[in-house]
Amino acid sequence: MVTSPVVNMYPLSNYTFGTKEPKMEKDTSVADRLARMKVNYMKEGMRMSAEAILLVQEHNHPHILLLQIGNTFCKLPGGRLKPGENEIEGLKRKLSSKLGANSPSFQQNWQIGECVAVWWRPNFETIMYPYCPPHITKPKECKKLFLVHLPEREYFAVPRNLKLLAVPLFELYDNVTRYGPVISTIPQQLSRFQFNMVSS
């Protein structure tokens, strides 16, 4: 029998949430973002990004932490890596920037776990695929999703212009219209893990 990797999930109430200075988005629209991606591609080549799947539980249901921008758009914490940057180190840097406390005396120790999905952006368009289409020799972005193992207690500092939501996995499942293909397929990607709901 193949044993599944175990993910411990602690109650949402174990975690403390504070705020910090707003993190402004570099782009005001999707078109701006794709234009900036094109400029960066010319300079640096394919964009590499890493995003974190942070899991907690409420009433023994797994929930995922998502950052909400404005009233509708949700994304995973993480983002673009610097050219040549190690994925794990880069994701830790992005997590600290997005959710870490601003105090130098308080350093989060992010436990980056398994890579659960890889997505490819073939062209300067919003569409991404969970594989690289065979006719695409120069994809524009490779995005990896990593499971991050949270400790029993943690403090998150959320930029004032963002909200951190705990969304139940069942709400993400098959909900492409609300969350897009990358986030809505996370429940399937997590199906190989064994969830261990730890009560407080």
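Student: How much space lies in the second largest pocket?

Tutor: About 150 Å³. Keep in mind that this is a predicted model.

Student: Which residues sit nearest the centre of that second largest pocket?

Tutor: Glu44, Met46, Arg47, Met48 and Leu81, out of 14 lining residues. H1 and S3 are the elements that give two or more residues to this lining, and H1 gives the most, with four. By type, the lining splits into six nonpolar, three polar and five charged residues.

Student: Arg47 has a partner, I think. What makes arginine 47 and glutamate 141 a salt bridge?

Tutor: Their closest N and O atoms are 3.1 Å apart, and the cut-off is 4 Å between a side-chain nitrogen of Lys or Arg and a carboxyl oxygen of Asp or Glu, so the pair counts. The partners come from distant parts of the chain: glutamate 141 lies in strand S8 and arginine 47 in strand S3, 94 residues apart. Both are buried. Arg121 joins Arg47 and Glu141 in a network of salt bridges.

Student: How many salt bridges does a search of the whole structure find?

Tutor: Seven. Another one joins glutamate 87 and lysine 144, at 2.9 Å from N to O. That pair also bridges distant parts of the chain, from helix H2 to strand S8, 57 residues apart.

Student: Why is glutamate 87 called partly exposed?

Tutor: Its relative accessible area is 24%. Buried needs under 20% and exposed needs over 50%, so a value in between is partly exposed. Arginine 93, which pairs with glutamate 85 at 2.8 Å, gets the partly exposed label too, with 28%.

Student: And why does cysteine 74 count as buried?

Tutor: Cysteine 74 has 6% relative accessibility, and the limit for buried is under 20%, so the label follows.

Student: How do the lining residues of the largest pocket divide by type?

Tutor: Into 16 nonpolar, 10 polar and 19 charged. Asp, Glu, Lys and Arg count as charged, so Glu25, Arg33, Glu51 and Lys75 from the centre belong there.

Methods
Residues numbered from 1 in each chain as written. Predicted model: local features only at pLDDT ≥ 70, side-chain atom pairs only at ≥ 80, totals over all residues. Heavy atoms only, no water. Buried < 20%, exposed > 50% of the residue type's maximum accessible area, 1.4 Å probe, protein only. 1 Å grid on protein atoms, 1.4 Å probe; cavity = no way out; pocket = protein on both sides within 12 Å on 5 of 7 lines; lining within 4 Å. Points joined across faces, edges and corners; volume = space filled by probe spheres on them.
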